[in-house]
Amino acid sequence: MKIKSIKPYRKNLALQKPYTIAREVITDVENIFFEITLENGIVGIGAANPAPEVVGETPDQTFENLQSSFVESLVEKDIRQFLKHIHFCRDHFSNLPGTQAAIDIALHDAFGQFIGVPVVDFYGKYHERMLTSVTIGIKDVKGTIEDADDYKSRGFRVLKVKTGLNAELDSERVIKLREKFGDYFTIRVDANTGYDLKQLQSFLDKTKSCSIELIEQPLLPAIDSELSHLPPLTRKKFAADESLKNATSALQLAQKELYGIFNIKLMKCGGIVGAFEIANIAKSAGIDLFWGCNDESIVSITAALHAAFACPHTKYIDLDGSIDLAEDAVSGGFIIKDGWMYPNNKPGLGLQIL
């Protein structure tokens, strides 16, 4: 079955409400979409939300790349050889993970629909459901509690609290969450590289009784080697994020033994194939997997969910990136009920293009 046509397009997706992280306020997000139509009418869709400060690729670059003659050469190619096409595109667009991800996801979706099985079943499903965390941006104690109340009313059980601007206030927010909700919530923290080692140690000391499940990368990549000054059991709870981009960085980090968790994001590693490269390194090194996201369309969130559920050492997911979008290009993909995420078990990624 041949690819009949391709179509890239872009959408600026508004958030239902802005939120703050360590270095910026987020109000909306641009996603680049990529459709692949087969001869029999099947349409596979991919999406990318590249963050230039993280991966060095802008949405403009992604959109331009997807209109190139190289990508146009996918037309007339056999969808049954989709993995070969993905590897050719990864080689051609090296160090451009947003472009890679859009193509990778679209080809996976089209192939899964073509053979009539979900992508996760093609690779082998190890997990039936998992609890996702939902994110509370940087705000004062009152706002943090209000957001947690809202998430509790919606059935969520795992919070990811953004921190990194003020270690003292961050500690107070986590402590107040525990005081208010007891053990109802599992609490994760994402410092977005906002601390230095002294601030991190202060935060750890003040919140040691709060049972924080994990802490996403607290230090900048340039200084994350300073984590080696902390005890191994403490480092086991740290999740590499900004320092983890692809298989090369995964191998380097695994050798340094700074992190006990790898946070895999399809937008950093170029899609499902790149994600599995990191996952295989982590498995050999005894490192747990944590699947994260940016503010992304249901398209790429679903792709990450399928990849996560195909890895036996996936321990955590944080795939809430589409929940607060005010609009999207698709529906379907997955089901969320009381914080539990499930693939919808439809062929490909189970998406409906709007």
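1. In this predicted model, Ile335 stands opposite Tyr342, a residue of strand β15. Strand β15 covers residues 340–343 and is joined to β14 by four bridges, the two strands running antiparallel.

2. These strands belong to an open, three-stranded sheet with the order β4-β15-β14 and antiparallel pairing. Its edges are formed by β4 (130–131) and β14 (334–337), each of which pairs on one side only.

3. The largest nonpolar core comprises 98 residues, and those with the most contacts inside it are Phe34, Phe262, Leu266 and Trp291. Helix α14 (residues 298–309) supplies the largest share of this core, namely nine residues. A second core of 14 residues is separate, and its members include Tyr151, Val161, Phe185 and Ile323.

4. The surroundings of Phe34 may be examined in detail. With neighbours within four places in sequence left aside, Phe34 is in contact with Ile6, Lys7 and Pro8, with Gly44, Ile45 and Gly46, with Leu66, Val71 and Leu74, and with Ala102, Ile103 and Ala106.

5. In soluble globular proteins, nonpolar side chains tend to be buried together. Phe122 lies in helix α6, which spans residues 119–123.

6. Why is Phe122 classed as partly exposed? Its relative accessible area is 36%, and the partly exposed class lies between the buried limit of under 20% and the exposed limit of over 50%.

Terms used
Residues numbered from 1 in each chain as written. Predicted model: local features only at pLDDT ≥ 70, side-chain atom pairs only at ≥ 80, totals over all residues. Heavy atoms only, no water. Core = buried A, V, L, I, M, F, W, Y, C linked by side-chain atoms within 4.5 Å. Buried < 20%, exposed > 50% of the residue type's maximum accessible area, 1.4 Å probe, protein only. Contact = heavy atoms within 4.5 Å. Pairing = 2+ DSSP bridges.
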